Amino acid sequence: MTELYACAASLESRVLNIGKIFTIQWVASSFRTVYAVWNNYVALHKHFQESSIDNERDGKERSKYLGLNNMLTSKDFVFNIGMLYDVLNELSDLSLQLQKRELGLAKAHTMIDRTVRILDSMIEIHGPKLTQVILANEEMVFKGIQLHIHKSVQKINSRQFFRSISNNLKSRLFTTQSSHVSNAPSNLFKETYDQLLADLNVFDSNAWLDNVNIQGFREFKDTRDENIADLKMLTSAIKSIAIFSSECKRAFSSMNEIVSQKKNTLGSEHISSLMFINAVGPPVEKINTTKWIESWIKKGKRLATEENCPKRIKIAEENSYESLWNLIKD
């Protein structure tokens, strides 16, 4: 990494953190990886090229860098990285939007549906990065670096790739099952899915009682505003439906902080309570803790400032360096 920083410095470019693609959980992280490769392309090429002819390295290491450089300068690799940039850019934006706690079901469905339309349009109308790499493939030059044909690098079929991503998103619209689970009528997930759709029939005005305000439903259809007074109870109930698994992942991340080496004796009940407070609890400055403090003291517990306990009793020790400390004070 130090060598890569040196190459980047000589080119006056900024080295970004490069991770792994498609091996990590968040699609936003995958996009950051592709973004880093795209922006550090010239620095990576210079580093791999110089390392492949560095006599201070052994033959095995030089061969490794030579192979990496050949892979990097392959026209098909450049094509694939440009296509992934466009796709992951859209999916990253969608993922970050779906992680918002205030997001409702209707808006989430609208966002996913919009992303599906964008991906469908990319089948015929190329994104900005894919357009750039197609031109680079025709000229066999990308960012001033000569490209070549590498037989071991397979070019991804862009039309098939975009269609597959789009269909994958479509299969997740208003569903409770994985795309790998059978849609057979006897399937438990299929029954749950049908029940969910049946529950959502409450939006159908034909199923409404006479005392329901139809005007509120019409306003919702036009504006998609979830704060309509006539539909407040209904929209509040729908907001309880989980949109994304990010909240669960946040809770498990907080568990790693709660259960530390110094607090590894906590029981599951206490861990669950602390995780709940961490996930949905208000900030400390908004909590009135007076009644809990009074209850704690009435039970004979010690104050936080109490010094009359073995661990907090200050033991007078002979300080042989006190004269030296006095010199420092002066």
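These are my notes on a few spots I looked up in this predicted model.

**Ground rules.** Residues count from 1 along each chain as its sequence is written, and side-chain values use heavy atoms, without hydrogens or water. Because the model is predicted, local features need pLDDT of at least 70 and side-chain atom pairs pLDDT 80 or more, while totals for chains, interfaces and linings use all residues.

**Helix pair.** I checked α3 (residues 41–52) against α4 (residues 59–72): their axes come within 8 Å and cross at roughly 145 degrees. Helices here are DSSP runs of H or I, at least four residues, and strands are E runs of at least two, numbered from the N terminus. Axes are lines fitted to C-alpha atoms, for helices over the stretch in contact, with angles from 0 to 180 degrees between N-to-C directions. For contacts (heavy atoms within 4.5 Å), I listed residues on both sides, including Tyr41 and Phe48 in α3 and Tyr65 and Leu66 in α4.

**Leu66.** Leu66 is partly exposed at 43% relative accessible area; buried means under 20%, exposed over 50%, and partly exposed in between, using a 1.4 Å probe and protein chains only.

Met140 is in the loop between α7 (128–139) and β1 (141–142), and Lys143 is in the loop between β1 and β2 (145–146). Met140 is partly exposed at 22%, and Lys143 is partly exposed at 36%.

**Ile277.** I placed Ile277 in α13 (residues 268–280), and it counts as exposed at 52% relative accessibility.
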